[in-house]
Amino acid sequence: MVSATIESGTGSMRQQERIVKLETELEYLRTVAQHDRIVEQATGAISVRYRISPSDASEMLFEGATSQRRNVHELASAVIANGGSFAGA
């Protein structure tokens, strides 16, 4: 009887650990998805502003982040705030 209670408690603890791990993973995936949306919005804004293909706009964004030694998400947010322009971003 005691061993069943101990096993039950251990199982419950493992389940709680799994829930915490899954919640952490879910939050990470939500953050990644939000960053992807911002990069896509910036790519679209660059494409429209400079009249270039989305592929070229994406390349421009990533090259800009690399040359400025910035995180692409950070630069994308600044580009969106500037209406698709790199000026002041």
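Ser47 is in contact (heavy atoms within 4.5 Å) with Ile52, Ser53, Pro54 and Ala57, leaving aside its neighbours within four places in sequence. The structure is a predicted model, in which local features need pLDDT of at least 70 and side-chain atom pairs count only at pLDDT 80 or more, while totals for chains, interfaces and linings use all residues. Residues are numbered from 1 along each chain as its sequence is written, and side-chain values use heavy atoms, with hydrogens and water left out. Ser47 lies in helix H1; helices (H or I, at least four residues) are DSSP runs numbered from the N terminus. With a relative accessibility of 12%, Ser47 is buried, where buried means under 20% relative accessible area, exposed over 50% and partly exposed in between (1.4 Å probe, protein chains only).

One aromatic pair is present. Tyr50 and Phe86 form this pair, which is tilted, at 6.4 Å centre to centre and 35° between the planes. Rings of Phe, Tyr and Trp (its six-membered ring) pair if their centres lie within 6.5 Å; planes under 30 degrees apart count as stacked, over 60 as edge-to-face and the rest as tilted. The pair links distant parts of the chain, 36 residues apart: Tyr50 belongs to helix H1 (residues 2–50) and Phe86 to the segment after helix H3 (72–81). Tyr50 is partly exposed at 34% relative accessibility, whereas Phe86 is buried at 19% relative accessible area.

Terms used: Helix = DSSP H or I, 4+ residues; strand = E, 2+ residues; numbered from the N terminus.
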